[in-house]
Amino acid sequence: MEQGIIHRILLSSEGNPDAERLLNLLRRSGLSLQGRDVAPDRSFTDILAAEPWHLILLFTTSQSTTTAEALDHLGETRLDIPCVIIHNETSTPAPLHYLSRGAADIFEIEELRQDSGQRRFVHRIRRELQQLTERRERRQLAMALREIEQHYHQLLDGTTDPVAWLSDGLYQYCNPAWLEFLGCQESVSVLHNPFLDQVAEADVEPVRRFLQTVTDPGAGRRPEERCELSLRHQDGSTTRVEMDCTVISHQGERHLQVRLRPATGTSGQHNRADDLGSRDLVTGLPARKRMLDAITRQVSRAVYQGETATLVVLELDDFDSVRSVLGRSESNLVLGDFIEALRHRFPDQRRIGRISDNGFAVLLPAAAGPDTLLQQMPEIERTLLALLPERLECQLSAGMAVISGESADAETLLVRAQHNRVLRMSQRTELGSHSRYRRQLDMISRALEGEDGLTLVYQPVVSLHEDELERYEVRVRLHDGEQLIPPAEFLETVTQHGLGETLDRRVLQQALDMLTSSNHRNLRLFLNVTLNTITGGTVLNWLAEALRMRRLNANQLVIQISEIDALSALEEVEHFGRQLRELDTGISVTHFGSAMDPLEYLRNLPVEYVKLDRALLSGIDRDAGQKDRLHQLVSSLHSRGILVIAPMVERMEILPLLWQARVNFVQGNVLREPTATLDFGFVQDEEITLDFPSDRSD
């Protein structure tokens with residue numbers, strides 16, 4: 001819902017004393033609203049027509065005529081105003097009758113006097129208002145799109161270049177310049193006729209092949225390439241012209257836009273120059289920009305034609321070390337040989353491009369599936385090693401992103417694939433079979449669509465120093481029958497299929513409900529977000545509105561971002577962090593310290609907490625060097641005003657060492673395992689010594 005909007009609610013209470021109580025209930029839920037009751041002597045339809053409204057609440061009795069009048073008027077005038085009926089058990093006609101006439105929902109008055117009914121009522125009203133806002137925004141966008149299309153048509157009609165739209169090879173539109181070029185008086189003589197009928201016979205097959213490659217993202221051509229042909233006029237004469245094509249969308253349908261220019265005889269040179277300018281000089285592969293164009297076209301095909309695909313990124317890890325030993329020239333030869341081996345392994349319909357110095361992208365069609373490439377990774381890596389001298393080593397890592405109708409732009413897809421690659425490297429797990437992914441994806445989708453598919457658990461984040469605040473990390477569990485699955489087993493699939501925003505929004509929603517019901521101002525909740533949320537750009541606006549409606553302080557939330565995400569999409573993470581600070585929400589970085597220089601990226605990220613990577617705590621009770629490194633890192637973080645959390649503490653004996661290292665908070669099963677309730681009372685019940693005990697102290 002829009003921030004700051006005042007919702008105008010029209011009531012027909014018929015003197016029912018529950019009307020004002022329900023309005024106050026909605027106000028307490030965070031809605032800003034104005035209610036107006038219809039006077040008995042006023043016409044309901046006149047009031048509806050005179051002023052704009054967001055919602056209608058109708059209290060109906062067995063003698064009521066206003067309900068039928070309002071529903072009939074809404075149906076006849078097609079006014080988009082949700083109408084909710086409130087009735088008693090003796091009301092006639094039956095409640096189902098009102099639903100069939102267009103009512104949004106029906107409530108019994110006795111139900112609304114109970115807590116469960118009130119919660120359902122508030123949820124339903126909020127959802128109706130949210131959906132109304134979205135429908136009105138869509139209508140505004142549709143109107144803006146029609147205006148843009150109208151201006152575009154005016155530009156086409158006014159240009160001197162002949163332009164036409166084709167669909168399945170047939171004319172759908174041609175501008176006046178095209179008609180003049182052909183010598184036609186009116187478009188009716190051209191529309192819905194085959195374009196190839198006007199192409200000279202010798203050029204039909206080359207033009208047919210050219211048009212077929214325009215929408216194929218794996219064909220390797222650029223949409224701005226040109227084709228030279230002879231085109232017949234109405235009088236039978238021909239003219240040599242250059243033609244370029246691009247794919248456009250108009251009123252939900254895809255067309256080829258064809259533009260003609262006088263032939264100069266240099267179209268081949270132009271295509272070759274464009275092709276060379278868009279290819280990587282070392283490998284001969286399409287460069288990053290051209291690869292992004294191919295991904296964008298694949299997203300378009302997924303949206304309009306339902307043709308899904310998979311983007312796989314390959315990274316030559318440690319190849320910079322190889323380059324420093326072999327030199328740039330010899331390492332370039334190694335890259336060239338590796339790409340030739342990669343090309344030989346995969347058929348032509350797959351698209352390979354170079355996206356960075358050591359990174360490559362493969363665009364796989366849906367029929368191939370990611371397993372086709374990923375299962376061959378060990379053999380591909382052996383091919384790479386065979387090209388290197390014996391003393392040198394180089395590993396090959398891969399990550400994937402699914403391209404579907406719900407996918408974001410090409411840059412975001414690359415970020416997701418890189419994130420998946422880094423995640424696979426850090427976890428050292430295999431992606432598994434396609435069937436396992438499909439089962440897991442179905443289970444996740446059902447959980448996100450239902451009301452009880454996800455469960456939140458809370459683990460305390462305990463201060464090692466006196467602190468009046470109570471902090472918990474919020475973790476999500478996925479139901480698989482009676483089993484609860486931790487996020488490590490499903491979060492990767494969620495992110496790759498673009499479901500991270502939906503998951504994060506559900507978790508945030510439940511966490512906000514917890515804050516509202518607890519009414520505990522000293523409570524702080526740490527919530528993890530996926531890379532989908534960071535790059536998506538929609539959750540924070542929703543979160544700001546949700547906090548405002550619940551009258552909650554934003555500083556009661558601490559949003560946790562993985563260092564893996566920060567390394568794979570630093571610009572997006574920095575922008576996300578700035579938005580969080582404007583919202584006054586805390587920021588924490590998890591898995592901190594896994595990077596070569598973890599302090600470097602913190603310069604532009606307004607972090608309040610860091611949660612250390614588990615590896616930094618390993619062996620601090622046995623390795624003096626590890627303990628010193630921990631001291632130095634914590635001191636560096638404190639000098640920046642950042643508080644430090646030690647996670648996954650499993651032994652009570654290391655708590656004194658963490659206290660000596662000036663770690664601020666600890667978290668782990670040794671203190672309290674994640675539970676479904678908030679209970680900080682155990683802190684008062686535990687006595688932790690800060691000496692170095694020979695035995696464990698409780």
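Tutor: Contact here means heavy atoms within 4.5 Å of each other. The structure under discussion is a predicted model.

Student: Which residues in α21 meet Leu-540, Leu-543, Ala-544 and Leu-547 in α19?

Tutor: The contact joins two helices, α19 (residues 539-550) and α21 (residues 570-583). Its residues divide into 7 nonpolar, 1 polar and no charged. On the α21 side, the residues that meet those four of α19 are Phe-576, Gln-579, Leu-580 and Leu-583.

Student: How is α19 oriented relative to α21?

Tutor: Two packed helices are described by the angle between their axes and the distance between the axes. For helices α19 and α21, the axes lie 11 Å apart and the angle is about 10°. Angles under 35 degrees count as roughly parallel. Therefore α19 and α21 are classed as roughly parallel.

Student: Which strands stand at the edges of the open sheet of 4 strands, each with a single partner strand?

Tutor: The strand order in this sheet is β12-β13-β11-β14, and the pairing is antiparallel. From one strand to the next, the twist averages 20°. A strand with a single partner has one side left without a neighbour in the sheet, so the edge strands are β12 (351-354) and β14 (395-403).

Student: What is the bridge partner of Gly-353 in β13?

Tutor: Strand β12 runs antiparallel to strand β13 (residues 359-365), and 4 bridges join them. In β13, Gly-353 is bridged to Ala-361.

Student: At what angle does helix α13 run to β14?

Tutor: Helix α13 comprises residues 377-386 and lies across two strands, β11 (309-317) and β14. Relative to β14, the direction of α13 is at about 140°.

Student: Which residue takes a positive phi in the hairpin of β6 and β7?

Tutor: Strands β6 (residues 163-167) and β7 (residues 170-174) run antiparallel and are joined by 4 bridges. Within this pairing, Ala-164 stands opposite Cys-174 of β7. The hairpin has 2 residues between its strands, and the positive phi, near 55°, belongs to Asp-168.

Student: Is Arg-471 buried or exposed?

Tutor: Arg-471 is found in strand β16, which spans residues 470-480. The cut-off for burial is under 20% relative accessible area. Because the relative accessible area of Arg-471 is 5%, the residue is classed as buried.

Student: With which residue does the side chain of Arg-471 make a polar contact of 2.5 Å?

Tutor: A polar contact is a pair of N or O atoms within 3.5 Å. At 2.5 Å, the side chain of Arg-471 is joined by such a contact to the side chain of Asp-467.

Notes: Residues are numbered from 1 along each chain as its sequence is written. This is a predicted model: local features need pLDDT of at least 70, side-chain atom pairs count only at pLDDT 80 or more; totals for chains, interfaces and linings use all residues. Side-chain values use heavy atoms; hydrogens and water are left out. Buried means under 20% relative accessible area, exposed over 50%, partly exposed in between (1.4 Å probe, protein chains only). A polar contact is a pair of N or O atoms within 3.5 Å; within protein, one must be able to donate a hydrogen and the other to accept it, and residues adjacent in sequence count only if both atoms are side-chain atoms. Two strands pair if DSSP finds at least two bridges between them. Axes are lines fitted to C-alpha atoms, for helices over the stretch in contact, and angles run from 0 to 180 degrees between N-to-C directions. Angles under 35 degrees count as roughly parallel, over 145 as roughly antiparallel, 65 to 115 as roughly perpendicular and the rest as oblique. Ala, Val, Leu, Ile, Met, Phe, Trp, Tyr, Cys and Pro count as nonpolar, Asp, Glu, Lys and Arg as charged, and the others, Gly among them, as polar.
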